[in-house]
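Reader: I would like to read salt bridges and a sheet in a new model. Please take me through them.

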Amino acid sequence: MKKYLNLFDFSQEVNYKTEILSGITVALALVPEAIAFALIAGLSPLTGLYAAFVMGLVTSILGGRPGMISGATGAVAVVIVALAQQYGVEYVFAAVVLAGILQILAGVLRLGKLMRLVPHPVIFGFVNGLAIIIFLSQLSQFQNADGSWLSGNTLYLFTGLVLITMLVIWGLPKISKAVPSSLVAILLVFGIVLFFGIDTRTIGDIASIKGGFPPFHIPMVPLTLETLQIIFPYAAIVAGVGLIESLLTLNIVDEITETRGRSNKEAVAQGTANILSGIFSGMGGCAMIGQSLINTSNGARARLSGIVAALMLLVFIMFGADLIERVPMAALTGLMIMVALGTFEWASLRTFRRMPKSDVLVMVLVTLVTVFLHNLALAVLVGVIIAALVFAWDNAKRIRARKHIDENGVKHYEIYGPLFFGSITLFNEKFDVLNDPDEVIIDFQESRIVDMSAIEALNKITERYLKVGKKVHLKHLSKDCIQLLQNADDIIEVNVMEDPTYKVLVDKF
């Protein structure tokens, strides 16, 4: 149990002071985010706060990435808003529970390994898009309730407090890292506002966070097929978006901490957290890249920081609402702007000229889809599809054939590069069936038969030679390829010691 929770594993060199202080800082940053996302979804602020508590606690204990923070997120909020408006909060709770079940199934089926298919330009685009979203979301703090921009002394005071926060977060680590700079910045600005009696926007101006322990509540929806038809599309999208954002955040935290998380374990933890969130009156959520970066930048590396953040959030709700509601929004705005600046991959801009144009296109496109559509799953899916098509196109051009006629008058075609659906046209163009001698050898020692399109191409080329009465030998094919070829007995030259053993990708549906 000690090793599993990673709370008292001294081999991890856990700094308990850092973990606890970082957890408190993250809890403060979670409050306005959770409230804002709940309001976006058309739900009460406590629904977002309860989700942040449950998601943060469960994933910190059970998750596959110590140090990563989960909570109520905008990605989930924009998905469930239509469901909440049309059918009400009970259907939202039911959809969140179903999404959790789907995420657990994904983890049990070990689908987390599919994140290996996400190329680095997609991750760059995803991160940059999120950084821009985080930054743009803070601009609303510079507006009045009616949407007009702050002006005069109100603007100057708010901007000054934001800049003080950013300056402390940037400068304090250069002097001392004994205490998280973000927590010092929040406390300093809070102290300035209280000492000078500055009238500025606070957390309490957004909404009250006062409440009790999250109430246990089974979603009150009819257990019918019609209900399932209503909630399943939303649950599937929430599950997909949540897993994509969580596992991409896991990869980012892996790079920062130079350690490796467990994606399938994280998927099960996210699913468990969403199920519990749905039955404890929460709106659901997933990993939060902003809060995770706050946590890691503070030096937190273990599960303790996430547990402290969740428990402190509950303390704020139950006992400290009056005090927390007085925290200036300027301090949290400055903190989130620094998170946005730290999240953006500035190195990706410097590599524009050195990166392939296709990678630049993928990165920019994923960033734009993330920013303008706020659909992280779609952004990643678009990026992966484009990257896969570019990869297929590049490999399709790499098929080569070295030709020569030996002393016996036999023509040899030595094939280089993968043979798959994208390269079969160029492959067919390599052969001169009518003018070739009566015996031909096609050698695949430096090639690989990838899919059924390639098998069909081999069947057709052998048929073309057989129609004109010429004999063809295929060398260095796997047993899998031989079994799939129609005329294998007549055209295969067996090389027992040399034949490869790979499998051909067959469409089984």
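**Salt bridges and a sheet**

Author: D436 and K411 are both buried. Buried means under 20% relative accessible area, with exposed over 50% and partly exposed in between (1.4 Å probe, protein chains only). This is a predicted model: local features need pLDDT of at least 70, side-chain atom pairs count only at pLDDT 80 or more, and totals for chains, interfaces and linings use all residues. Residues are numbered from 1 along each chain as its sequence is written, and side-chain values use heavy atoms, leaving out hydrogens and water.

Reader: What counts as a salt bridge?

Author: A side-chain nitrogen of Lys or Arg within 4 Å of a carboxyl oxygen of Asp or Glu. By this rule there are three salt bridges. One joins D436 and K411, at 2.9 Å from N to O. D436 lies in the loop between α19 (424–429) and β5 (439–449) and K411 in strand β4, so the pair ties together parts 25 residues apart in sequence. Helices (H or I, at least four residues) and strands (E, at least two) are DSSP runs, numbered from the N terminus.

Reader: Which strands form the open sheet, and in what order?

Author: Two strands pair if DSSP finds at least two bridges between them. Here the order is β3-β4-β5-β6, with mixed pairing. The edge strands, β3 and β6 (471–475), each pair on one side only.

Reader: How many bridges join β5 to β6?

Author: Five, and the two strands run parallel. I441 has H473 in β6 as its bridge partner.
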